[in-house]
Amino acid sequence: MYLDEMPGVPLQDLWIDVLSAGLGKEKLGYPTQKPELLLERIIKTSSNPSDIVLDPFCGCGTAIAVAHKSGRRWIGIDVSPTACNLMEKRMQSLRASPIVIGMPMLESELRHLPPFEFQNWVVRRLFGRVSARKSSDMGIDGYTFEGHPIQVKQSEDIGRNVIDNFETAMRRAKKTIGVIVAFSFGKGAYEEIDRAKLHDGLSIKALTVSDIMKTGRELPDFNS
Ligand SMILES: C[S@@+](CC[C@H](N)C(=O)[O-])C[C@H]1O[C@@H](n2cnc3c(N)ncnc32)[C@H](O)[C@@H]1O
């Protein structure tokens with residue numbers, strides 16, 4: 001019996017050949033990312049070129065990336081702004097021109113984001129990177145483009161104690177410039193920032209969410 005002379009068994013409803021291949025170079029770090037080969041099989045067996053592929057739980061955008069490569073039109077939806085940002089980047093890398101709509105734009109929307117999403121929003125807005133530590137970041141949530149630590153608080157009226165803790169985290173990381181972002185800061189917080197500058201040589205920039213919304217795509221001057 002020769003393989004090329006046998007009709008073989010049509011694909012059944014249990015596919016174990018694709019997943020075992022793993023993600024390899026495709027890996028983007030999104031926890032539930034699927035292999036492109038799997039989505040390619042689904043898309044090619046269930047649609048024709050120029051059809052519209054809709055993935056309403058799109059994650060890092062595997063379905064729309066494969067749809068694009070396979071000559072389909074596409075729409076991706078996800079409740080997570082972090083996922084939408086990843087999707088946008090992924091589609092741009094394929095030279096598609098994604099139009100992103102519905103991202104949180106108002107302070108009231110930002111207040112209701114899950115903490116992890118809010119943190120990602122702030123750090124991205126400062127052109128930074130999120131701290132690698134998953135659960136306990138030891139008081140540092142991310143780093144600015146220049147490597148200054150960022151602490152993010154999704155709350156109002158930040159007090160002296162929060163600044164105190166950030167100072168400790170900065171010292172531990174051997175950093176003298178830091179950025180803390182919150183919806184608002186109390187008098188005690190500003191007093192502590194002044195004290196830390198004068199007596200400890202620590203320069204902490206307190207930015208409100210409305211500050212960083214205003215700065216648009218321009219970086220605030222962390223050194224002033
Ligand atoms: C299993 S993941 C999708 C992974 C995707 N196939 C990939 O390759 O990245 C499911 C996604 O659904 C999103 N999600 C959960 N609830 C949602 C909702 N109500 N509306 C839209 N997206 C939602 C999650 O944020 C998550 O990104």
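A residue is near a molecule or strand if one of its heavy atoms lies within 4 Å of it. This is a predicted model, where local features need pLDDT of at least 70 and side-chain atom pairs count only at pLDDT 80 or more, while totals for chains, interfaces and linings use all residues. Residues are numbered from 1 along each chain as its sequence is written, and side-chain values use heavy atoms, with hydrogens and water left out.

**View A. Residues around the ligand.** Here are the 13 residues around the ligand, of which Tyr30, Lys34, Cys60, Thr62 and Asp78 come nearest.

View B. Tyr30 places a polar side-chain atom 2.4 Å from a ligand oxygen. For Asp78, a side-chain N or O atom is 2.7 Å from an oxygen atom of the ligand, and for Cys60 a backbone N or O atom lies 2.9 Å from a ligand oxygen.

View C. Look for Arg172 in helix α6 (residues 160–172); helices are DSSP runs of H or I with at least four residues, and strands are runs of E with at least two, numbered from the N terminus. Arg172 counts as partly exposed because its relative accessibility is 46% (buried is under 20%, exposed over 50%, partly exposed in between, with a 1.4 Å probe and protein chains only). A polar side-chain atom of Arg172 lies 3.0 Å from the backbone oxygen of Met138. Gly139 is 33 residues from Arg172 along the chain, with their C-alpha atoms 9.8 Å apart.

Methods: A polar contact is a pair of N or O atoms within 3.5 Å; within protein, one must be able to donate a hydrogen and the other to accept it, and residues adjacent in sequence count only if both atoms are side-chain atoms.
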